[in-house]
Amino acid sequence: MNLLENLKNNVLVADGAMGTVLYSHGIDFCYEELNVEKPEIIEKIHLDYIAAGADIIQTNTYSANALKLARYGMENRVKEFNEAAIQIAKRAAAQGNQYVLGTIGGLRGIRKSDASLADVLAIVREQADTLLAGDPDGLLLETYYDFEELSTVVKELRRMTDRPIVAQVSMDEPGVLQNGLLLNDALHQLEAIGADVVGVNCRLGPYHTIQAFEKVTLPERAFLSAAPNASLLDVEDGRIVYVSEADYFGRAAALLCEEGVRLIGGCCGTTPKHIAAAKKHLSGLAPITKKVVTPEKPIVIREADPAKYEPLHEKAKTTRTVIVELDTPRHLETEQYFIGANQLYDAGVDAVTMADNSLASPRISNMAMGSIMKMQHNVRPLVHLTCRDHNLIGLQSHLMGLDALGIHDILAVTGDPTKVGDFPGATSVYDVSSMELLQLIKQLNEGISFTGKPLRKKAKFSVAAAFNPNVRVLDRAVQRLEKKIECGADYFITQPVYTKEKIVDIYEATKHLETPIFIGIMPLTNIRNAEFLHHEVPGIKLSEDVLERMRACGDDREKATREGVAIAKELIDTAAELFNGIYIITPFLRYDMSLELIQHIKELDAEKERNVVHA
């Protein structure tokens with residue numbers, strides 16, 4: 001009897017974890033390599049699950065794909081590892097007539113950049129070809145957080161084979177996927193595109209898995225599956241552990257059966273003891289054929305509160321818009337900083353922007369300073385947010401805090417690596433790239449958290465992205481801009497530019513884009529400052545003419561200041577003709593220099609207006 005025929009009338013038990021069992025035995029390297037180097041270890045685990053009562057075992061191939069094997073320099077051993085894995089599993093299953101599923105693990109987490117859909121398809125085809133050649137009883141797709149990826153894979157495998165396909169999503173929150181899609185809707189969509197068994201695995205323990213299935217209706221054709229973790233994970237003495245009594249897991253299996261699940265196994269932390277307990281509690285239970293699900297009351301997501309300011313990207317589409325960067329202090333004396341911020345805002349800038357620990361050096365939190373500026377000084381803040389300093393938990397918490405404070409102007413940046421800053425031994429987080437951060441911020445604007453959970457209210461962020469035009473091939477940089485626009489960038493802020501020619505080049509390369517661009521202008525203070533920027537700061541290059549002009553000032557501070565401002569004014573003259581957005585970067589809290597540049601912009605615009613009137 002094939003697998004699907006068996007599931008029509010029976011509840012079947014699958015095996016449990018492979019990776020965490022190996023990990024608990026002190027094995028902490030490429031598990032798939034064991035298929036070739038230590039096959040007896042893998043076969044012993046299969047046999048232990050069979051002895052515990054598993055009707056189904058899966059191949060040790062969760063990470064046996066080119067992308068994940070590349071971590072170990074083994075990307076050329078995909079076929080070897082998958083061939084060995086299915087041979088081991090079939091050899092073990094032959095002794096008890098168990099079903100064997102060829103396992104294909106998900107590639108994407110929250111980071112879509114880990115693999116494009118084209119990459120996913122190529123990687124899956126390579127692995128699936130080998131597994132299918134080994135004649136499995138079906139294919140198991142497990143631990144897929146990204147529904148787009150799983151849907152794409154199911155469609156491709158359905159094209160490749162008529163064998164049973166088990167498609168399992170993973171949830172961060174019970175009952176909802178990462179993209180906000182309800183589990184019930186996701187499982188029915190998977191059924192519609194060809195999956196024969198649909199369900200969930202990993203991340204959540206039995207309690208939350210049962211909770212999620214309470215809102216899942218029975219599919220018309222497919223069957224439901226579940227492989228929860230043993231429990232929520234814990235860390236003891238630096239090692240990951242799962243604390244769960246096997247009998248508790250077994251009782252949970254019976255409750256999953258009551259929710260319509262017919263294929264029940266275990267994921268992380270489960271052992272043969274957990275599977276034996278599930279077999280015991282499921283013994284004699286028949287699958288349900290009818291289920292009444294009380295519709296969930298929809299969570300109303302309120303619209304964002306009305307904006308206090310016109311979004312910068314909207315204003316910059318039609319009129320002159322000026323933002324000025326004034327980085328927060330590296331010390332705890334803040335009086336002079338707020339004096340400068342107030343003077344800049346009073347001079348007519350649209351927002352005062354603050355970096356997020358620029359050059360990986362700690363400064364007073366721009367969230368804190370932005371809040372004080374807004375609440376106590378009525379200055380509009382634009383805060384930068386790096387992927388370097390915050391993990392996903394911190395990023396969402398930070399953004400929710402900014403929304404609560406009414407700070408909605410954000411620049412999403414990757415952030416300089418920590419090794420360039422004051423703490424070179426510190427960790428660079430980089431859970432996501434700046435492009436993925438753009439997408440996540442826009443997800444908050446829809447009222448959906450990073451995990452897919454409704455936030456009850458939409459955020460209202462206007463999000464800028466960084467643009468470094470100081471590259472050899474500008475067209476490639478523009479291609480990145482286009483990708484960032486697709487990810488949700490509302491406007492761009494450039495690195496400082498130091499030649500008129502570069503500003504013209506930027507205009508010519510981007511004039512097809514409707515997304516506003518703020519041209520970065522940073523006045524130089526002296527030759528040492530100029531040479532540091534030119535030779536040491538990533539993404540900034542000065543022309544030889546500018547360097548020579550600053551050299552000519554020697555050690556005369558006032559002369560150097562005048563020359564630095566003069567150079568910046570010349571650049572503004574060109575930028576203001578071609579772009580509405582001007583981004584003045586204040587060096588070393590020298591806001592007097594920025595004030596002079598703001599006045600220059602006002603004079604340019606006034607002269608332009610007079611010319612229009614006279615014309």
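How many disulfides does the count come to?

1. The model is a predicted one. A disulfide is a covalent bond between the sulfur atoms of two cysteines. Here the count comes to zero disulfides, where a pair of cysteine sulfur atoms would have to lie within 2.5 Å. Cys267 is in no disulfide, since the nearest cysteine sulfur, that of Cys202, is 3.9 Å away and the cut-off is 2.5 Å. Cys387 is in no disulfide either: the nearest cysteine sulfur belongs to Cys487 and is 11 Å away.

2. Are these two cysteines buried or exposed? Cys267 has a relative accessible area of 10%, and for Cys387 the value is 0%. Both count as buried because the limit for that word is under 20%.

3. Strands of a sheet pair through backbone hydrogen bonds, either parallel or antiparallel. In this model, eight strands form an open sheet with parallel pairing, and their order is E1-E10-E7-E6-E5-E4-E3-E2. E1 and E2 (56-58) stand at the edges; each has a single partner strand, so one side of each is left without a neighbour in the sheet.

4. Strand E10 (residues 261-264) can be followed residue by residue. Two bridges join E10 to E1 (residues 12-13), and the two strands run parallel. Leu12 stands opposite Leu263 in E10, and Val13 has Ile264 as its bridge partner. Three bridges join E10 to E7 (residues 223-227), again in a parallel run. Ile264 is also the bridge partner of Ala226.

5. Helix H7 (residues 117-133) lies across two strands, E3 (99-105) and E4 (138-144). The helix runs at about 165 degrees to E3.

6. Two packed helices are described by the angle between their axes and the distance between the axes. For helix H18 (residues 474-487) and helix H19 (residues 500-510), the axes come within 10 Å and cross at roughly 55 degrees. That angle makes H18 oblique to H19. The crossing in which H18 passes H19 is right-handed. On the H18 side the contact is made by Leu474, Val478 and Leu481. On the H19 side it is made by Asp505, Ile506, Ala509 and Thr510.

Note on methods. Residues are numbered from 1 along each chain as its sequence is written. This is a predicted model: local features need pLDDT of at least 70, side-chain atom pairs count only at pLDDT 80 or more; totals for chains, interfaces and linings use all residues. Side-chain values use heavy atoms; hydrogens and water are left out. Two strands pair if DSSP finds at least two bridges between them. Helices (H or I, at least four residues) and strands (E, at least two) are DSSP runs, numbered from the N terminus. Buried means under 20% relative accessible area, exposed over 50%, partly exposed in between (1.4 Å probe, protein chains only). Axes are lines fitted to C-alpha atoms, for helices over the stretch in contact, and angles run from 0 to 180 degrees between N-to-C directions. Angles under 35 degrees count as roughly parallel, over 145 as roughly antiparallel, 65 to 115 as roughly perpendicular and the rest as oblique. A crossing is left-handed if the near helix is turned anticlockwise from the far one by less than a right angle, and right-handed if clockwise. Contact means heavy atoms within 4.5 Å.
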